[in-house]
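Let us walk through this fold step by step. Keep the sequence at hand as you read.

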Amino acid sequence: MSEKLKFPVTAHYRIIVHSAEKDLETTQRLFDGFDLVEPVREMRASSGGRYASFSVSVRFGGRDEMSRFDAQLKFVPGLKMVL
């Protein structure tokens with residue numbers, strides 16, 4: 001069963017990065033121009049301190065905007081994964 005997205009839609013992201021490479025300011029600048037419902041903010045580091053995470057919520061007006069956002073994610077310094 002495949003459900004189609006109905007725009008506008010708000011998506012919530014958790015961005016996991018290597019702690020040694022985390023850069024909140026650069027990550028925030030990557031998402032300039034998008035409709036951020038909640039700005040990029042730093043979350044807790046992993047228990048071992050190896051990883052850090054950011055969260056951000058974005059409102060998308062269409063699929064093309066969502067694709068542009070996804071393309072920007074690969075430029076996040078130290079990116080490990082996105083949830």
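Two strands pair if DSSP finds at least two bridges between them. Keep that rule in mind for the strands below. Remember too that this is a predicted model.

Start with strand β1, residues 9-18. How many bridges join β1 to strand β4? There are 3, and β4 covers residues 79-82. The two strands run antiparallel. To find one of these bridges, look at Ile 16 in the structure; its bridge partner in β4 is Met 81.

β1 also pairs with strand β3, residues 51-60. This pairing is antiparallel as well, and it runs over 10 bridges. Here His 12 stands opposite Ser 57 of β3. In a regular strand, side chains alternate between the two faces of the sheet.

Now turn to the nonpolar core. In soluble globular proteins, nonpolar side chains tend to be buried together. The largest nonpolar core of this model has 18 residues. Those with the most contacts inside it are Tyr 13, Ile 15, Phe 31, Val 56, Val 58, Phe 60 and Phe 69. Which elements each supply at least two residues of this core? They are β1, β3 and helix α2, residues 63-73.

Take Phe 31 from that list. Leaving aside neighbours within four places in sequence, Phe 31 is in contact with Ile 15, Leu 36, Val 40, Phe 69, Gln 72, Leu 73 and Val 76.

Next come the aromatic rings. The model has 4 aromatic pairs. One of them is Phe 34 with Phe 69. Why is this pair edge-to-face? Planes over 60 degrees apart count as edge-to-face. The planes of these two rings stand at 90°, so the pair is edge-to-face. The ring centres are 5.2 Å apart. This pair links distant parts of the chain. Phe 34 lies in the loop between α1 and β2, Phe 69 lies in helix α2, and 35 residues separate them.

Are these two residues buried or exposed? Buried means under 20% relative accessible area. Phe 34 has 10%, so Phe 34 is buried. Phe 69 has 0%, so Phe 69 is buried too.

Finish at helix α1, residues 24-30, where Thr 27 sits. Thr 27 counts as buried because its relative accessibility is 0%. What is Thr 27 in contact with, leaving aside neighbours within four places in sequence? The contacts are Val 40, Phe 54, Val 76 and Pro 77. Val 40 and Val 76 are also in contact with Phe 31.

Conventions
Residues are numbered from 1 along each chain as its sequence is written. This is a predicted model: local features need pLDDT of at least 70, side-chain atom pairs count only at pLDDT 80 or more; totals for chains, interfaces and linings use all residues. Side-chain values use heavy atoms; hydrogens and water are left out. Helices (H or I, at least four residues) and strands (E, at least two) are DSSP runs, numbered from the N terminus. Buried means under 20% relative accessible area, exposed over 50%, partly exposed in between (1.4 Å probe, protein chains only). Contact means heavy atoms within 4.5 Å. A nonpolar core is a set of buried Ala, Val, Leu, Ile, Met, Phe, Trp, Tyr and Cys residues joined through side-chain atoms within 4.5 Å. Rings of Phe, Tyr and Trp (its six-membered ring) pair if their centres lie within 6.5 Å; planes under 30 degrees apart count as stacked, over 60 as edge-to-face and the rest as tilted.
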